[in-house]
Amino acid sequence: RPFNRLLLTGAAGGLGKVLRERLRPYANILRLSDIGEMAPAAGPHEEVVRCDLADKAAVHQLIEGVDAILHFGGVSVERPFEEILGANICGVFHVYEAARRHGVKRVVFASSNHVIGFYKQDEHLDANCLRRPDGYYGLSKSYGEDMASFYFDRYGIETVSIRIGSSFPEPANRRMMSTWLSYDDLTHLLERCLYTENVGHTVVYGMSDNRDVWWDNSQAAHLGFKPKDSSEVFRDKVEAQPMPAADDPARIYQGGAFVAAGPFGDD
Ligand code: NAI
Ligand code: 15L
């Protein structure tokens, strides 16, 4: 039972390009949006709309006629606060406010492990842990999760916030042996996020069935997310890399190098 029209923001990005292909079964029409160019041009059952998430009126137009939103657009790494502000903080407000005004009832929000990035790698977390954002980027995702919670409590718009670990073709380093999320497992998770009823605001950690994990998804068990892949198949390749020094954030913190990014600007 596909949705009539699904919106994917961030469609020109790394995950957006992958999801453009993989979301096809779930929508009669997939509306793709990004501030950047989205090649190729719209194919059958696609709509391509350039839009800056910082532009409230444009986002309002973008969301008209949509049945559910996969919100993947925005700045995806640590950057100066002013860059994060428009795309991620104003952007997520614009998305929810437009969803409210157009009666959209389901959002899947690409949150990030960087909302809890300042926990150490020997700590185990579930969805109820206090957040410890590791930068302005992590703060913006934390704000997005609060926005999701508020719009559910106030307006009944349901969201699954996925604290994505590291979703790339393969884990690039030792830290990602724990945080890696394969594209197949991401796709399965998105399917569960779209179709599970009564999610309220659910927080789920987006990780594959990796051997050594830091996160417990028991509070999101109702989603029925059962990852099938594991980073183990890459272990030899990853462990051929030199071990980071004992004081390297990549070895200490769940957020890895993000905890030490910046400061930016003149200071
Ligand atoms: P990406 O940086 O490749 O894609 C993000 C897209 O958002 C880009 O195409 C960019 O042009 C667009 N964008 C940026 N500012 C915008 C604005 N003002 N208006 C409209 N679009 C704008 O990132 P990626 O890896 O594809 O990630 C997608 C989402 O998932 C992001 O929200 C990211 O924070 C989140 N995420 C990704 C992880 C990963 O491992 N790939 C891990 C955790 C979270
Ligand atoms: C993220 O939130 C980023 O968007 C992505 O590029 C990776 O850096 C990922 O986290 C990670 O922590 O590996």
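**Ground rules.** I noted that residues are numbered from 1 along each chain as its sequence is written, while chains are lettered from A and ligands numbered from 1 in the order in which they are written. Since the model is predicted, local features need pLDDT of at least 70 and side-chain atom pairs count only at pLDDT 80 or more, although totals for chains, interfaces and linings use all residues, and side-chain values use heavy atoms, with hydrogens and water left out.

**Ligand 1.** I looked up the residues around ligand 1 (a heavy atom within 4 Å) and found 26 of them, of which L15, D34, S76, Y137 and S167 come nearest. I then looked at individual atoms: a polar side-chain atom of D34 is 2.6 Å from an oxygen atom of ligand 1, and polar backbone atoms of S167 and G14 lie 2.7 Å and 2.9 Å from an oxygen atom of this ligand. Taken alone, ligand 1 exposes 820 Å², and the protein buries 84% of that; such areas come from the Shrake-Rupley method with a 1.4 Å probe.

Next I asked which elements give two or more residues to this shell, and they are α1 (14-22), β5 (106-112) and α4 (136-155). Helices (H or I, at least four residues) and strands (E, at least two) are DSSP runs numbered from the N terminus, and the largest share, three residues, comes from β5.

**Ligand 2.** Around ligand 2 I listed S76, S112, N113, H114, Y137, G165, S166, F168, R175, M176 and F258. An N or O atom in the side chain of S112 is 2.7 Å from an oxygen atom of ligand 2, and the corresponding distance is 2.6 Å for the side chain of Y137 and 2.6 Å for that of S166. On its own, ligand 2 exposes 320 Å², of which the protein buries 82%.

**S166.** Where is S166 placed? I found S166 in the loop between β6 (158-164) and α5 (174-179). Is S166 buried or exposed? S166 counts as buried because its relative accessibility is 2%, where buried means under 20%, exposed over 50% and partly exposed in between, with a 1.4 Å probe and protein chains only. Leaving out residues up to four places away in sequence, S166 touches R175, M176, T179, W180 and L181, contact meaning heavy atoms within 4.5 Å.

Technical notes
A polar contact is a pair of N or O atoms within 3.5 Å; within protein, one must be able to donate a hydrogen and the other to accept it, and residues adjacent in sequence count only if both atoms are side-chain atoms.
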